[in-house]
Amino acid sequence: MAFQIEYEFTLPRGYMDSAGILHKDGVMRLATAADEILPLKDQRVQQNSGYLTIILMARVVTRLGSLPAVDTRVVEGLYTADLAYLQDLYERINTMETPSYNSVCPHCGQKISVPVNFMNAGI
């Protein structure tokens, strides 16, 4: 199974550009550490922490319809339902599921899935 870094999506409402063209289909990539750290230096984020979402989405949404680029103006122009959709997608693709391994219960002999807790590993 290949490591997936890009995820296609369809916005619930879509972005309407200045020519009246509706853009709904796009691509979001996995976030990097820089995507989450660098916007914190932006003056707009320092003045209004809510703007972090705008910059973050502009960095990770790599395509939206036939737009030549997705920048903060495009993200600012999204309907709230679309922004909420992108935030949810961002969380789902960037949140690591707890890894587990298959084992056998030493008491009853049933197959079980045991979560791996890296924070307590080796303690």
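The model is a predicted one. The protein contains five helices and five strands, and of its 123 residues, 28% are buried.

**Overall layout**

- Helix 4 covers residues 72-76 and helix 5 covers residues 80-94, while strand 3 spans 61-64.

**Helix 3 against helix 5**

- Helix 3, residues 51-60, packs with helix 5 at an angle of about 70 degrees, and their axes lie 11 Å apart.
- That angle of about 70 degrees falls in the range of 65 to 115 degrees, so the two helices count as roughly perpendicular.
- The handedness of this crossing between helix 3 and helix 5 is left-handed.

**Salt bridges**

- Side chains of opposite charge can pair when their charged atoms come close.
- Across the whole structure, a search turns up four salt bridges.
- One partner of Asp35 is Arg29, with the closest N and O atoms 2.6 Å apart; Arg29 is partly exposed, at 22% relative accessible area.
- Asp35 also forms a salt bridge with Arg59, where the closest N and O atoms are 2.8 Å apart.
- This second pair ties together distant parts of the chain, since Asp35 sits in helix 1 (residues 33-37) and Arg59 in helix 3, 24 residues apart.
- Arg59 is partly exposed, with 32% relative accessible area.
- Through shared partners, the salt bridges join Arg29, Asp35 and Arg59 into one network.
- Elsewhere, Asp42 and Arg44 meet through their side chains in a salt bridge of 2.8 Å, N to O, and Arg44 is partly exposed at 37% relative accessibility.

**Surface patch and loops**

- Met16, Leu22 and Tyr79 make a nonpolar surface patch of about 290 Å².
- Tyr79 lies in the loop between helix 4 and helix 5 and is partly exposed, with a relative accessible area of 43%.
- Patch residues need over 30% relative accessible area, a cut-off that Tyr79 passes because its value is 43%.
- Another loop residue to look at is Gly65, found between strand 3 and helix 4; its relative accessibility of 25% makes it partly exposed.
- Gly65 and Ile21 are 44 residues apart in sequence, yet their C-alpha atoms are 9.2 Å apart in space.

How values were computed:
Residues numbered from 1 in each chain as written. Predicted model: local features only at pLDDT ≥ 70, side-chain atom pairs only at ≥ 80, totals over all residues. Heavy atoms only, no water. Patch = residues over 30% accessible without salt bridge, like charges linked within 9 Å, V, L, I, M, F, W, Y side chains within 5 Å. Areas by Shrake-Rupley, 256 points an atom, 1.4 Å probe, with all protein chains shown as cover. Helix = DSSP H or I, 4+ residues; strand = E, 2+ residues; numbered from the N terminus. Buried < 20%, exposed > 50% of the residue type's maximum accessible area, 1.4 Å probe, protein only. Axes fitted to C-alpha atoms, helices over the stretch in contact; angles between N-to-C directions. Parallel < 35°, antiparallel > 145°, perpendicular 65-115°, else oblique. Left-handed = near helix turned anticlockwise from the far one by under 90°.
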